[in-house]
Amino acid sequence: MTETAPDATHDPARRSWVPGADGHADFPIQNLPLGIFSPPGGAPRGGVAIGDQVLDLPAALAAGLFAGEAARAAGAASAKTLNSFFALGAGPRRALRVRLSEILSLGSDDRARAEPCLRPAADCTLHLPAQVGDYTDFYVGIHHATNIGKVFRPDNPLLPNYKYVPIGYHGRASSLRVSGTGIRRPKGQLKAPEAEAPRFAPCERLDYELELGIWVGPGNELGEPVPVGEAASHVAGYCLLNDWSARDIQAWEYQPLGPFLAKNFGSTLSPWVVTPEALAPFRIAQPPRPEGDPAPLPYLLDEADQRAGAFDLELEVLLATARMREQGLPPHRVSLSNTRHMYWTVAQMIAHHTSNGCNLQPGDLLGSGTISAPDPTGFGSLLETTRGGREPLVLPSGESRRFLEDGDEVTLRLRARRDGAAPIGFGECRATILPAR
């Protein structure tokens, strides 16, 4: 594992000349995530979030603000997708981060050239950061896996392979959507336990899933596995992911081959790519496995990854119904979880994914799977929170929810906080449920 130690770019005392950046909940100068945006009337291009502004990278490059490796990275990140930037790897990405921090710091000599390159984020349209070739969703939240297993397999909730294999399935890249895009309620085959045959109808048990998204950077050649100790160098950044799930469709179709139509109708991503460097202060040791659990097989075990391959990141789910919005009520927090509850590290996910020679490519997306805390206040899906719909969630408006209804808006947020570090966030991952066609 290539560890990224905190440096001057993480200094909590560092300030920015950009109004509103200091103390910003998500995007202070210590973060500097990248994404793809369109200014009013303009074409998609690369940008950097700083406070409530976006630094237009093509404009900044034209203003002569970059040189050397930083210019190479800025050029790649100026395109209409970040795939070429992801492919460059850690060196140019770090050089760009250092230079951006210099440009945007209070007292910078570059302010006069950089200030005209800022665009108000509220005026911009955000897009998916990359052209996603392949999307794989893992299942590394052990508390979620156990809870879901109790619903679908009460006699055998956690299959024995779970503690040996980072379980995953191949999702549908074409239905990935950026935050703010509505999600259409899917139709599918539903079969009640007492029914003799299934029926085709709109999903009645629509759910969200609270996940961490991982963007792949440099890929690997077909037939060439990525060793777990080198896997971190293949990560370009992180985002939030809501892998919407139709639980009634899922219950009928998932055996024998696993998720299909219950999962591929839509997944929502937060638009900004938070780099591995930005998360350096929030790395922690992989929490020890419970006594009696098997050690990872040698191809999944790396001392450095165990020492600093996990993250301490706070994850939150908020729900607002149409009535709540009409009444001016704030979104209701449904869940508060943390990435420390992941049973496998990101490096282990990549090492296992490529262990059979499978090739990853820049811009591929990995999902962590739902990250639930051990207690009900941190469950990452309504299926868990409502005990399979048996215990409805009561909302401040007086409404209740067993599963999501049309007009419900779900927002995922992430906060990274640690003593001695400036807190940062990922921005929102938000979508509203639209009626079935």
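## Close-up views of a predicted model

**View 1. The largest pocket and its lining.** In this predicted model, 29 residues line the largest pocket, and Tyr139, Arg153, Ile167, Tyr254 and Pro259 lie nearest its centre. A pocket here is an open set of points on a 1 Å grid over the protein atoms alone, where a 1.4 Å probe fits, with protein on both sides within 12 Å along at least five of seven lines; lining residues have an atom within 4 Å of a point. Strand S6 (135–138), helix H6 (142–152), strand S7 (168–170) and helix H7 (247–253) each give two or more residues to this lining. H6 gives the largest share, four residues. Helices (H or I, at least four residues) and strands (E, at least two) are DSSP runs, numbered from the N terminus.

Residues are numbered from 1 along each chain as its sequence is written, and side-chain values use heavy atoms, leaving out hydrogens and water. Local features need pLDDT of at least 70 and side-chain atom pairs count only at pLDDT 80 or more, while totals for chains, interfaces and linings use all residues.

**View 2. Space and residue classes in the largest pocket.** The largest pocket holds about 620 Å³ of space. That volume is the space filled by probe spheres set on the grid points, which are joined across faces, edges and corners. Its lining has 15 nonpolar, eight polar and six charged residues. Ala, Val, Leu, Ile, Met, Phe, Trp, Tyr, Cys and Pro count as nonpolar; Asp, Glu, Lys and Arg count as charged; the others, Gly among them, count as polar.

View 3. An unreviewed UniProt entry lists Asp137, Glu209, Glu211 and Asp243 under "binding site". They are spread over 107 residues of sequence, yet they cluster in space: the largest C-alpha distance is 11.3 Å. Asp137, Glu209 and Glu211 from this set belong to the lining of the largest pocket. Glutamate 209 sits in the loop between strand S12 (206–207) and strand S13 (210–216). UniProt annotations may be inferred rather than shown by experiment; their positions follow the numbering used here, and feature names are shortened.

**View 4. An open sheet of five strands.** The strand order is S4-S3-S2-S1-S5, with antiparallel pairing. Strands pair if DSSP finds at least two bridges between them. Strand S4 (118–120) and strand S5 (125–127) are the edges, each pairing on one side only. Strand S1 (residues 34–38) meets S5 in the antiparallel sense over three bridges. Isoleucine 36 has histidine 127 in S5 as its bridge partner.
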